[in-house]
Amino acid sequence: MESTSDGGLRDSFEATFWERHANPWSAGTRILVYPVFMYAIYRRDTKLFAATLAFIAVNPVLFPRPARTDNYLSRIVLAEREWLDDGKGTMGLDYPNILNVLNIPVTFYAFASALRRKPVGTLLGTLGVMVIKLWWTDAIIKKTGVTGEGPSVTSPDLESSLAE
């Protein structure tokens, strides 16, 4: 039987995960790491591959909680959290989850091209994966209506700038 403190700890970790991942540096570098990952596979560079995997693993908690989340990259993360919390999942035949389903063969194409050292296929596959993923994130931003938030009004710096 799970104790309440375990659930509280898990909830606290999950909240921290999402809050820190909403940092635009986290979301932005997470998007940009995919071409590096594909390049590591293409070049058969085990050090770069391992470093990229390590970065992917720690990325969501690597950056601090942002002061504001009213930017596009933060809204991607906030929308994803809301989408998942609402139980809508990431795969399915409904829009926009169908985009992630369609991304499966594109991802396989990109990986196969990188493994076979086909530069054009690797490039097109990588771009395809990124475009479809960003299409999905843009769609869930629109569907959830997430807008993010600016700095807290209780911030002394903000209060002094508002008073001027």
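Analyst: A helix here is a DSSP run of H or I with at least four residues, and a strand is a run of E with at least two. By that rule, the protein chain of this predicted model has seven helices and zero strands. Read along the sequence, the pattern is α-α-α-α-α-α-α.

User: Why is Ser-26 counted as buried?

Analyst: Buried means under 20% relative accessible area. Ser-26 has 0% relative accessibility, so Ser-26 counts as buried. Ser-26 lies in helix 2, residues 24–43.

User: What makes the link between Ser-26 and Asn-59 a polar contact?

Analyst: The cut-off for a pair of N or O atoms is 3.5 Å. The side chains of Ser-26 and Asn-59 are joined at 2.9 Å. That value is within the cut-off, so the pair qualifies. Beyond its neighbours within four places in sequence, Ser-26 also touches other residues, including Arg-20, His-21 and Phe-63.

User: Which residues make up the largest nonpolar core?

Analyst: Nine residues: Ile-76, Ala-79, Trp-83, Leu-99, Ile-132, Trp-136, Ile-140, Ile-141 and Val-146. Such a set must be buried and joined through side-chain atoms within 4.5 Å. Helix 6 gives the most, with four. Apart from this core lies another of eight residues, among them Met-38, Ala-110, Ala-114 and Val-129.

User: What does Trp-136 touch, leaving out residues up to four places away in sequence?

Analyst: Its contacts include Glu-80, Trp-83, Pro-96 and Leu-99.

User: How much of the protein chain is buried?

Analyst: Buried residues make up 30% of its 164 residues.

Technical notes:
Residues are numbered from 1 along each chain as its sequence is written. This is a predicted model: local features need pLDDT of at least 70, side-chain atom pairs count only at pLDDT 80 or more; totals for chains, interfaces and linings use all residues. Side-chain values use heavy atoms; hydrogens and water are left out. Buried means under 20% relative accessible area, exposed over 50%, partly exposed in between (1.4 Å probe, protein chains only). Contact means heavy atoms within 4.5 Å. A polar contact is a pair of N or O atoms within 3.5 Å; within protein, one must be able to donate a hydrogen and the other to accept it, and residues adjacent in sequence count only if both atoms are side-chain atoms.
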